[in-house]
Amino acid sequence: MLAKRLIPCLDVRDGKVVKGVQFRNHEIIGDIVPLAQRYAEAGADELVFYDITASSDGRVVDKSWVRRIAEVIDIPFCVAGGIKTVADAAKILEMGADKISVNSPALARPELINELNHNFGQQCVVVGIDSFFDVASGQYQVYQFTGDESRTQKTRWLSRDWVAEVLSRGAGEIVLNCMNQDGVRQGYDIAQLRSIRDICTVPLIASGGAGTMQHFTEVFEKADVDGALAASVFHKGIIEIAALKAKLIADGISIRP
Amino acid sequence: MQLVIVDTGCANISSVYFAFKRLGVDATISRDARLIKAADKVLLPGVGTAHNAMAKLQQAELIDTLQSLQQPLLGICLGMQLLTRHSMEGDVACLNLIPGEVLPMQSAGLRLPHMGWNTLHGLSTHPLMRGFSVTDYVYFVHSFAVAPSQYSLALCHYGSDFAAVIGKDNVVGAQFHPERSGKTGARLLQNFLEWQL
């Protein structure tokens, strides 16, 4: 039976793993390669590396760390951040990444999703969506340039509409970052994830809000997501992956032991 | 041992190269027919679409070379699909080394692509499958698959059964990604390295 995936996310800035609260105030957690290796050995099902500076800086970012990760890691990994063209994506995939994830550049130029699908196949194309619940309008809205607070801005897209759009353009997986929950460890945004799950025909990965092991059980049981992504609870040792997997298996969730 | 990874151009070759490196084998990545013919073992990787991959092999004039190999040949993911007669992904003729056809997955409403870790069953006694058990998980990413047949060495279930590993004579293929399937995947690659015809 297909297992639900546990996905530690490593936010990368200048070759170091960092983590902020609600996308802000980034602190350095450690070096990429040893952290990646530690997670692979601990039982992570997949890893995601977000180069959070890339999209907002508009500069060419050194991605040689992708190759160093590919050398040591024997589980799948996805690279996100600053991928604006087919050529950018080709470089990352050649260095050994299994998937590439696009976010702000896809908002700026949605055809990028079609181009990536055409060149590398649907299975390589992940679309990351930063979604924020706007209390005033009562709607979930898509934000871009979330790696840099000074440039973070609301887009014209409602989250559900953008999901439908990226699916129609050939996205193979969606990572939904629920910004209101990010880094505060109060649980995944079940209501929003369920609403997106209804219209999402490809794998959906929950992101933002994991604080306890029970939060993982809830997101798999109540929102039927294919994977759960988390950062701080893993980086800070609040949750050990082996213990989490044991609990999820005991709760009847399909998990790779 | 001379292992050549066929440079298909559209494949995720680095991760396959590094997986063998972790097993102590420094493979050669090449599209040179002479090197491929002279290899002890040949690996056909693959990420992308069957149509593009076959076009790349054609451009490199490697179709005949791959079809006439006598040494062990392992195809991975799309590389495995290319070993069959035909793929419906782009309606393209493949290498026709193992009978079978690549069809859209019959997932009975389950989400596609079939992406993630899944278990195997129907394990054969083929040397490639040595040490495998039905509790092992391996990593899949695909939307097309080959139906179970007498050439299946292992099956996987996602909505319906499909061939997870196939083999005939000197040719074998894995639908999953052994290079991304942790220790279980490394076992398949090690078995391939040790496989004597």
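Me: In which strand of chain A is the place of A:F77?

Reply: This is a predicted model, in which local features need pLDDT of at least 70 and side-chain atom pairs count only at pLDDT 80 or more, while totals for chains, interfaces and linings use all residues. Residues are numbered from 1 along each chain as its sequence is written, and chains are lettered from A and ligands numbered from 1 in the order in which they are written. With helices (H or I, at least four residues) and strands (E, at least two) taken as DSSP runs numbered from the N terminus, the place of A:F77 is in strand 5 (residues 77–80) of chain A.

Me: Does A:F77 count as buried or exposed?

Reply: A residue is buried if 20 or more other C-beta atoms, placed from the backbone, lie within 10 Å of its own, exposed if 12 or fewer, and partly exposed in between. Because A:F77 has 24 C-beta neighbours inside 10 Å, A:F77 counts as buried.

Me: How many Å apart in space are A:F77 and A:D98, C-alpha to C-alpha?

Reply: A:F77 touches A:E46, A:L47, A:F49, A:I69, A:A97 and A:D98, leaving aside residues up to four places away in sequence, where contact asks for C-beta atoms, placed from the backbone, within 7 Å. In sequence A:F77 and A:D98 are 21 residues apart, whereas in space their C-alpha to C-alpha separation is 5.6 Å.

Me: Which residues touch the most other members of the largest nonpolar core?

Reply: Such a core is a set of buried Ala, Val, Leu, Ile, Met, Phe, Trp, Tyr and Cys residues joined through C-beta atoms within 7 Å. Not counting residues up to four places away in sequence, A:I174 touches A:V127, A:I129, A:V163, A:V166, A:C200, A:V202, A:L204 and A:I205. Of the 152 residues in the largest nonpolar core, those that touch the most other members are A:L47, A:I100, A:I174 and A:A228.

Me: What radius of gyration does chain A have?

Reply: The secondary structure of chain A comes to 11 helices and 12 strands, its C-alpha trace spans about 45 × 45 × 35 Å along the principal axes, and 55% of its 257 residues count as buried. The radius of gyration is taken over C-alpha atoms, and the globule rule is 2.2 Å times the number of residues to the power 0.38. For 257 residues a compact globule would have a radius near 18 Å, which agrees with the value for chain A, 17 Å.

Me: At about what angle do helix 1 (residues 32–42) of chain A and helix 3 of chain A pack?

Reply: The contact of these helices is made by A:I32, A:V33, A:A36 and A:Q37 of helix 1 and by A:W65, A:R68, A:I69 and A:V72 of helix 3 of chain A. Axes are lines fitted to C-alpha atoms, for helices over the stretch in contact, and angles run from 0 to 180 degrees between N-to-C directions. With their axes 10 Å apart, helix 1 of chain A and helix 3 of chain A pack at an angle of about 30°.

Me: Is the crossing of helix 8 of chain A and helix 9 of chain A left-handed or right-handed?

Reply: Helix 8 (residues 190–197) and helix 9 (residues 213–223) of chain A pack at an angle of about 35°, with their axes 9 Å apart. A crossing is left-handed if the near helix is turned anticlockwise from the far one by less than a right angle, and right-handed if clockwise. For helix 8 of chain A and helix 9 of chain A, the crossing is right-handed.

Me: Which helix supplies the largest share of the side of chain A that touches chain B?

Reply: Across the interface, 28 residues of chain A are in contact with 25 residues of chain B. Helix 3 (65–72) and helix 4 (86–94) of chain A each supply at least two residues of the side of chain A that touches chain B. The largest share, three residues, comes from helix 3 of chain A.

Me: In which loop of chain B is B:E61 found?

Reply: B:E61, a residue other than glycine, has a positive phi near 55°. With 10 C-beta neighbours inside 10 Å, B:E61 counts as exposed. B:E61 is found in the loop between helix 3 (50–59) and helix 4 (63–67) of chain B.

Me: Between which strands of chain B does the loop with B:P113 lie?

Reply: The peptide bond from B:L112 to B:P113 is cis, with omega near 0°. The loop that holds B:P113 lies between strand 7 (101–104) and strand 8 (114–119) of chain B.

Conventions:
Two residues are in contact if their C-beta atoms, placed from the backbone, lie within 7 Å.
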